[in-house]
Amino acid sequence: MNILEMKNLTKCFGGLTAVGNVDFGVPKGIISGLIGPNGAGKTTIFNLITGVYKVTDGKILFKDNDITNKEPYLISGQGITRTFQNIRLFKKLTVYENVLIACHSNGNYNLLESVLRLPRCRKQEKQLKQKADDLLEIMGLKDRKDLIANNLPYGLQRRLEIARALALNPELLLLDEPAAGMNPDETAQLMTLISDIRPKFDLSVLIIDHHMDLVMGICEKIMVLNFGCKLAEGTPQDIQNNPKVIEAYLGVEG
Amino acid sequence: MDLYYIQGILMLAGINLMSVLGLSLLTGFTGMFSFGHAGFMAIGGYTSAMMTVNYGWPFIPALLMGALTAALMSALIGKLTLNLKGDYFCIATLGFGEAIRLVLDNVQYFGGARGWPGIPNYTNFTNVLIINIIAIIILANIIRSRQGRNMIAVREEELASQIVGINVFKYKLISLMISAAYAGIAGGLMAHYMTFLQPKMFSLVKSTELTIIVIFGGLGSISGSVLGALVLTSLPEILRSFSNWRLVIYGLSVIVIMISRPEGLMGGYELTPSSMKKLFTRMRSKKGNLPKSMEGGDTL
């Protein structure tokens, strides 16, 4: 069963078709990959799914609900969340605050209750803080919780961004080049982390990345994109042996 | 200097502080600059004066009515302009503030440009103090709730806030409305302190003064705003003996502070019982190997 379904998805910027007629389903409960050469439209697809860009044509269905062109905050409220290629943390806030902010949707006390600090507000605040603490513990960031996010080492910033995404209790997690700029060691750690959190939080995951060892290592289904169009789709073995994919990445054999 | 004079200055500082607190929420915590807050003060001032003078309302309900009117007006302005990014929103508020002043200049019901004398003198030291304390508590409670954190998130990174499910527009609007309500109360306090209202009192200079106080005190710090309002309102009075030079010194001192401490007096730090305790223990041990980011407290 597919948790997310893109139907005939198209995005044009003026005369340029960044994504053209893409049909793709993200299966529930596994890790899928989205790969393709630079400028193929991978991040554009993420931006379309999360509502950052408006769709030109086509449909996006999440759990059979149409989420096409909804506001980003509504889409994340439905259970889709993402990380960014160029990390977007709340840079000047602490690690703890970053996660605590993202926990906000776990509470529903209103403004009046916060102004008067009513019991429901206090109780839920306690729960939110507990949740933030738990997440930092799981992600191994607990000992750095009072550091300013921007002062974290690069690999941990990525980790924090994933922790922040998890605070929303997502069902679908989109990771945009999570291993960008990481050395092989850090990449290996990241692979374990992603494979660990997927069952723990009952997630479906879609990853964009250029590290083929990462994508081929943990993804069960892969889609290849080239010049905004779908080139191939299948298991890692299928993709690796697909002549069209090899051509797009390496050029035609001489 | 007699007590009466000092009390007068403190009341002026308190009135300023009231609208500075509101602006602090908008600028310091939500990251939007406004140069139209004098406009909201004017709305609050004229509305509450109308209530006490023409309808004989008691003081506090009249103040609240002024706050409500200012908040509703801000909601209207916000709906139209909050989608504008950064500088554009700032210009829109500037236009709004001036528009309010010019409208009031021409409404004869309120005395037009000549002003409106004979407003009862209800504002006194006690009620300014109490209202300010309540305002600070409310603001502090908002800041440490999830709504306040969402506003801070909007200030830090709008796109990321959207992605973590924060309705950016909504929180900007809430912040603007609360901020306008504070300014409205400040306007009401001012009307019943001066016992006279004139559109000229709410010019761009007033809005700028408020923004200067917020930045001077430090963005993202309530105690900074309190300190800023106290210092910058009383400074021209303290310097009165320098007569013509006092405004130059005022300007210079603002420039000096901004150069030496660009993040403002308090820059993101709060003066709370727990932070004071931390500071004292550090001063006692004198070794204080705290990370660089904590150095803000040293200037206290």
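Select A:Thr81 first: its bridge partner in strand 7 of chain A is A:Leu173. The model in the viewer is predicted; local features need pLDDT of at least 70, side-chain atom pairs count only at pLDDT 80 or more, and totals for chains, interfaces and linings use all residues. Residues are numbered from 1 along each chain as its sequence is written, chains are lettered from A and ligands numbered from 1 in the order in which they are written, and side-chain values use heavy atoms, with hydrogens and water left out.

**Stop 1: strand 7 of chain A**

Helices (H or I, at least four residues) and strands (E, at least two) are DSSP runs, numbered from the N terminus. Two strands pair if DSSP finds at least two bridges between them. Select strand 6 (residues 80–82) of chain A, which runs parallel to strand 7 of chain A and is joined to it by three bridges.

Now display the side chains of strand 7. A:Leu172, A:Leu174 and A:Asp176 point one way, A:Leu173 and A:Leu175 point the other way, and all are buried (under 20% relative accessible area; exposed is over 50%, partly exposed in between, with a 1.4 Å probe and protein chains only). Why is strand 7 (residues 172–176) of chain A largely enclosed by the rest of the structure? Five of its five residues are buried.

**Stop 2: the open sheet of chain A**

Select the open sheet of four strands in chain A, with the order 2-1-4-5 and antiparallel pairing. Strand 2 (16–27) and strand 5 (65–66) of chain A each have a single partner strand, so one side of each is left without a neighbour in the sheet. Strand 1 (residues 2–13) and strand 4 (residues 57–62) of chain A run antiparallel and are joined by five bridges.

**Stop 3**

Colour domain 1 (1–79 + 169–254) and domain 2 (89–164) of chain A separately; the bounds come from an automatic or database domain assignment. Their centres, taken over C-alpha atoms, are separated by 27 Å.

**Stop 4: where chain B meets chain A**

Show both chains. The contact (heavy atoms within 4.5 Å) takes 26 residues from chain B and 33 residues from chain A. The area buried between the chains is about 2,600 Å², of which carbon and sulfur atoms give 62% (buried area is the accessible area, with a 1.4 Å probe, that two parts lose on being put together, summed over both). Select B:Arg146, B:Arg149 and B:Ile163, which supply 27% of the area that chain B buries against chain A, more than any other three residues.

How many salt bridges does the rule find across the interface of chain B and chain A? It finds two (a side-chain nitrogen of Lys or Arg within 4 Å of a carboxyl oxygen of Asp or Glu). B:Arg149 forms a salt bridge with A:Glu125, with the closest N and O atoms 3.0 Å apart.

Finally, select B:Gln162 in helix 7 (residues 158–163) of chain B. B:Gln162 counts as buried, at 17% relative accessibility. Residues up to four places away in sequence aside, B:Gln162 touches A:Glu71, A:Pro72, A:Tyr73, A:Ser76 and B:Val168.
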